[in-house]
Amino acid sequence: QVQLVESGGGLVQAGGSLSLSCAASGRTFSGYAMGWFRQAPGKAREFVAIIWSGGSTYYTDSVKGRFTISRDNAKNTVYLQMNSLKPEDTAVYYCAATLKPVGPYNRAYSRTYEYWGQGTQVTVSS
């Protein structure tokens, strides 16, 4: 199994930027599809973005054009660059990993991902 640790969360003003990192411990990191989810207080966990082992990406509509997911396999790390932040982006952000096949039918579901980080808080003030 792998362990995932998120970092980079914090407080930022609306319109600002923040970069999150997720460090993985596994030796087979490059083979995993990596996702980002978020959960605001009182709300269900929401899919944000995914990056496949080959570098393809997909984003939920609400963050398209503002967020960028990337990975550095040499560092066993996945990133989420967040620009033009809005108060509604406030949430705990989680990274997740899976070796299972991922496509449009399952990419946005939590159950698709076998491994999860502990989360990092992102707060956007208005």
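Q: Which residue in the turn of the hairpin formed by β7 and β8 has a positive phi?
A: In this predicted model, strands are DSSP runs of E, at least two residues long, numbered from the N terminus. β7 and β8 form a hairpin with four residues between them. The turn residue with a positive phi, about 50 degrees, is Asn76.

Q: What pLDDT do local features need in this model?
A: Residues are numbered from 1 along each chain as its sequence is written, and side-chain values use heavy atoms, without hydrogens or water. Totals for chains, interfaces and linings use all residues, side-chain atom pairs count only at pLDDT 80 or more, and local features need pLDDT of at least 70.

Q: Which residue of β8 is the bridge partner of Asp72?
A: Strands pair if DSSP finds at least two bridges between them. β7 (residues 67-72) and β8 (residues 77-82) run antiparallel and are joined by six bridges. The partner of Asp72 in β8 is Thr77.

Q: How many residues apart in sequence are the parts tied together by Cys22 and Cys95?
A: A disulfide (cysteine sulfur atoms within 2.5 Å) joins Cys22 to Cys95, with S to S at 1.9 Å. Cys22 lies in β3 (residues 18-24) and Cys95 in β9, so the pair ties together parts whose separation in sequence is 73 residues.
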